[in-house]
Amino acid sequence: MKRAALGALLSHWWRHPLQLITLLTGLALATGLWSAVQAINGEAKASYNLATSEIGARQNETLVPKTGFIPLSRYVELRRSGWRLSPVLEGRWPQNTGSLRLIGVDLLSHPTFSNMVENSDSESSFSLDALSSQEQLFLNPKTLEQLTVHVDLPPIVQSDQIPIDVALGDISLVERLLQRPGQITRMIILPEQPLGLHPLEDLAPELQRQSYDAGQMSRLTDSFHLNLTAFGLLSFAVGLFIVHGSVSLGIEQRRGLFRTLRAMGVPLHLLTVLLLCELLLIAIVAGSAGLVLGYLIAAALLPDVSATLSGLYGATVEGSLNLRPGWLISGIAMAVVGTLIASTQAITNIYKMPLLATPGLQARAQAASSQQYGMAVLGLALMAFGTASMLVFDGLIAGFALLAGMMLGTALMLPLLLSWVLTLGLRNARSALGEWIWADMRAQLPGISLALMALLLALATNIGVGTMVSSFRLTFLGWMDQRLSAELYVTAKDEDQAQKLVLWLTRRDITVLPIRWSEVPFHGTKLRIYGVQDDPTYREKWPMLQVQNGAWDRVSNGTAVMINEQLARRRNLWPGDDLNLTPSWKMTVVGVYSDYGNPHEQAIVTLPVLLRHADNVPNLRFGLRLPPSGVQNLIKEIQQESDFEGITMVDQNDLKARSLAVFDRTFVVTGALNLLTLGVAGFAILTSLLTLWNMRLPQLAPIWALGITRRQLAWLELWRSLALAALTALLALPLGLLLAWLLLSVINVEAFGWKLPMYIFPLDWLRLLVMALVAAAIAAAIPARKLALIKPSELLKVFAHER
Amino acid sequence: MADWEMTDNTLLQIRNVSKCYSGLGESRAVLRDVSLDLQAGKSIALTGESGSGKSTLLHLVGALDYYDSGEIKIAGTNLTNLNDSARSELRRNTVSLVFQQFNLVPSLNVAQNISLHARLANRVDQTWITSLTSRLGLTELSDRYPEQLSGGQQQRVAIGRALAVRPKLLLADEPTGNLDEVTSTAVMDLMLNLVHESGAALFLVTHSVQVANQLDRRVHLSAGKIA
Ligand SMILES: Nc1ncnc2c1ncn2[C@@H]1O[C@H](COP(=O)(O)OP(=O)(O)OP(=O)(O)O)[C@@H](O)[C@H]1O
Ligand SMILES: [Mg+2]
């Protein structure tokens, strides 16, 4: 019985392959976009885990100084008081080709170091013997390739387990290499501690406990991934609209079959189970296709994502994609759960379906209208909930709650709003045909409203994210003009060469602005402090957001500091506040400047002050001020001078172009996801129009019989769907602008630490409107063509079997 | 209640069955105290005006609907208080239906439609089905889909489907109501012959006196009561 019944159920799809394909495609697209995002996130997370947990053992709580470093004596005291701690010293280690993150740990007490050793390649020279040696440095083979010169390096052991750009060694070795004897950056609090200890807060009030996820980097990148996840969810939701449409149609069309099967003795529960099996089968097939699709999308996008992550956050993500079993399972699970959610309504209807009579068309229209009101009320509630959560809480989650509430809420209200507009049209219709058109459009609305909701979401997202990116870009361009004010940037090989270069340049009357900085530990991360030499360039051009009178005078006489927006927002420091740069170094903030494209906190003081407070301030980079016409000549002259071999030079235009390229690349992912979502929405419209096709014939046939040609009917079909798409687009505009505002003023501040002004780009909207209309027209063209070419006998059939 | 014993070959017993439709606040009795017997292999024609309750009674016997009082027994099984899976089993194995609107499965071809009920009941007798198909004149049309058939052809498929399972009881509700007169007579003759051959009992709703006269017994329903 089961096989025969299942065969009868499935035969429907055989006879309607297009419908099956739309269903499978919709579900595959939804799963694909979702799992692409998941794959990217997973890859990035795996990279971070490798970077943070293994080396810093950040799964454990750590103890970090509020400012400065921890002296060795502090560690010894805490150990004596019974606390089990493992010291870590971390710093940048300059190399010819940039710098390495050099991390020193206590090889014996470090919680994860020995694991890394056991997991490493057996062919490498890793052994316990090597481990006990305190003179070795552990490196990833890839890092080693990048190090061109190996002189001065201690013996190297290679291991895949070590992240790229990181060198790991015993703390005694590292403190020598970094020339920081007796200093500790942080202490890992080991998981097992003896009982009855004095609280650390009392023993060492100058230190603070930090748990793994309090890390700055993870908070920053989390928000980026949250953005991606939100995008993935959105595409998934849009895809589910398609699934809902096709599943409902598939069930609607088979009502007669279900009844016949029931009359032939198939029990209701078996029918339901069989339908669920059918859906499960579809979900698994489409989910697998979606996984393949997702893998391809993720592989295509991953290089851009890693560019974004390193550009914006300085986090390294490897550019290759790995297949993770968890990802496969969760992708299929998502497809299955999504299908079930999308078909709950249809399945419940089957369960409630009477064995004998069919509810009339009128009853169904009534149900649809009461459903519209229900949805609108739910929509209003969601909007209210989002607003309330924004008022009560703040931060990223509240921002996203508001965002989701507004988006979903508006989408749910769409059917009611559209039906109001159509009723208004109906009231004002003059001709009989006009009246029919409006009435017919309204009758058609329940069938197509899900697709229109999907379109609304996709359009609003496009407008919102597009406005955000364009506003950011415009701001960024203006900011670069101010920030990159020197005509040429040069970097010398060593300090000797640098000195010669400066002399040589000053003889030629070229203003040389040294670019020097030092990094100090700061609230568990690093603060980069620039030391500047007073110059009109800064006073005129530096991109200030807030500034006090005479701010630069106070900076140059060594009493004040400028900070970047990230630092100001994160620590809530504004002009007039005091800032502790190190425990013994306090200055007044006199200005806040914008600093896009940089995740870290920054400050500017005058150069002599920096030199007084910090050692290890290399003097290798300079910004040169000269007339733009002289730049190319100067570059040639420097290149020809034999003393200046190895000096790297970048002119301003080059640097701007490069920065802009990085910027644009950063948003390639967003753009791609944007476009894909819109494509899915267009597909949803196509699906629902095809879906409606069969139900529409009975409505069209009488009109045709009354003397309207098939061509006319086809054109009407086309215009109808264009009009609905245009109305939806109109509503999407304010929603998109709201989304843009949320992204710029709420989400960005949390995610990046800066707030951006919002600019309006009406031309973009126009382009998007055209795109939406084109999508709607393409979607409507197929059924319209079918209608124009339909055989009269098909239309006559409608009269033959009155339904 | 009167004591009623089932004689050995009584297939269907309807005793004092009443049925009301309630809707829009009022409740209307459609069947009142209907009692009827049908022996195995015999046939009954049910006639009556439109709205007299013929279809309703047929649906009750087919375990498609529920009565308010009385009792219906089919092959010894009492329908009162039977749950959905037991009713389903009865429909699958004992009773077959032919409706006025054919109710073929549009996505299955003629051959698949004919064997559907038999396959659902797990009782596929291929020789019987083959002979049935050829007797119904459908062999040539086996690969066609319902939408490619005329009304008479569709009804022949529906009859084939109902008989393929070799039911003990065939219920037919104006099976030729949608057909023209010539086709109607041909289809009806064929059906009566085949029913006779298969040994099934027939419970047939019809308007046609001519058809009714061909059956063993004729029962007239008037305003929910047997006249
Ligand atoms: N689902 C229902 N709800 C309410 N009343 C119903 C329902 N189905 C049938 N009726 C009523 O019950 C009465 C009997 O209907 P039934 O369909 O049994 O008549 P019939 O004898 O088969 O008529 P016809 O010859 O026209 O098919 C009619 O008056 C009808 O209006
Ligand atoms: Mg009837």
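Predicted model: local features only at pLDDT ≥ 70, side-chain atom pairs only at ≥ 80, totals over all residues.
In helix H10 of chain A, the residues A:Arg255, A:Leu257, A:Phe258, A:Arg259, A:Thr260, A:Leu261, A:Arg262 and A:Ala263 are buried. This helix spans residues 255-263, and because 8 of its 9 residues are buried, it is largely enclosed by the rest of the structure.

- Chain A contains 26 helices and 20 strands, and of its 803 residues 52% are buried.
- When contacts in chain A between residues at least 6 apart in sequence are considered, 81% of them join residues at least 24 apart.
- Chain B contains 7 helices and 10 strands, and buried residues make up 54% of its 227 residues.
- In chain B, residues 24 or more positions apart account for 70% of the contacts that have a separation of 6 or more.
- Chain B exposes about 10,200 Å², with 45% of that area supplied by carbon and sulfur atoms.

**After helix H10 of chain A**

- Helix H10 of chain A is followed by A:Gly265, a residue whose phi is positive, near 95 degrees.

**A buried arginine in chain A**

- A:Arg516 belongs to strand S12 of chain A, which covers residues 511-522.
- Although A:Arg516 is buried, it has no salt bridge, and the nearest side chain of opposite charge, that of A:Glu495, is 5.3 Å away; a salt bridge would require the charged atoms to lie within 4 Å.
- A polar atom of the A:Arg516 side chain does, however, lie 3.5 Å from the backbone oxygen of A:Pro618.
- Apart from its neighbours within four places in sequence, A:Arg516 is in contact with residues including A:Ile529, A:Tyr530, A:Gly531, A:Leu607, A:Leu610 and A:Leu611, and the list also takes in A:Val617, A:Pro618 and A:Asn619.

**A buried tryptophan in a loop of chain A**

- A:Trp542 is placed in the loop between helix H17 (536-541) and strand S14 (544-547) of chain A.
- With a relative accessible area of 12%, A:Trp542 counts as buried, because the cut-off for buried is under 20%.
- A:Trp542 and A:Tyr593 are 51 residues apart along the chain, and their C-alpha atoms are separated by 7.4 Å.
- Leaving aside neighbours within four places in sequence, the residues in contact with A:Trp542 are A:Arg483, A:Thr537, A:Trp552, A:Tyr593 and A:Ile604.

**Salt bridges**

- Over all chains, the count of salt bridges comes to 21.
- One of them joins A:Glu90 and A:Arg186, whose closest N and O atoms are 3.0 Å apart.
- This pair links distant parts of the chain, with A:Glu90 in strand S3 (residues 85-95) and A:Arg186 in strand S9 (residues 186-189) of chain A, 96 residues apart; A:Glu90 and A:Arg186 are both buried.
- A:Glu519 forms a salt bridge with A:Arg528, in which the closest N and O atoms are 3.2 Å apart.
- A:Glu519 is partly exposed, at a relative accessible area of 28%, and A:Arg528 likewise counts as partly exposed, at 25% relative accessibility.
- In chain B, B:Arg135 forms a salt bridge with B:Glu197, where the closest N and O atoms are 2.5 Å apart.
- This pair too links distant parts of its chain, as B:Arg135 lies in helix H4 (residues 126-135) and B:Glu197 in helix H6 (residues 181-198) of chain B, 62 residues apart.
- B:Arg135 is partly exposed, with a relative accessible area of 36%, and B:Glu197 counts as partly exposed at 46% relative accessibility.
- Salt bridges with shared partners also join A:Arg74, A:Glu77 and A:Glu206 into one network.

**The surroundings of ligand 1**

- Ligand 1 is surrounded by 13 residues, the closest being B:Ser50, B:Gly51, B:Lys54, B:Ser55 and B:Thr56.
- An N or O atom in the side chain of B:Ser50 is 2.5 Å from an oxygen atom of ligand 1, while a polar backbone atom of B:Gly51 is 2.8 Å from an oxygen atom of the ligand.
- B:Ser55 has a polar side-chain atom 2.7 Å from an oxygen atom of ligand 1.
- On its own, ligand 1 has 630 Å² of accessible area, and the protein covers 61% of that.
- Strand S2 (26-39) and helix H1 (54-61) of chain B are the elements that give two or more residues to the shell around ligand 1, and the largest share, 3 residues, comes from helix H1 of chain B.

How values were computed:
Residues numbered from 1 in each chain as written. Chains lettered and ligands numbered in written order. Heavy atoms only, no water. Helix = DSSP H or I, 4+ residues; strand = E, 2+ residues; numbered from the N terminus. Buried < 20%, exposed > 50% of the residue type's maximum accessible area, 1.4 Å probe, protein only. Lys, Arg positive; Asp, Glu negative; His and termini not counted. Polar contact = N/O pair within 3.5 Å; in protein donor to acceptor, adjacent residues only side chain to side chain. Contact = heavy atoms within 4.5 Å. Areas by Shrake-Rupley, 256 points an atom, 1.4 Å probe, with all protein chains shown as cover. Near = heavy atom within 4 Å.
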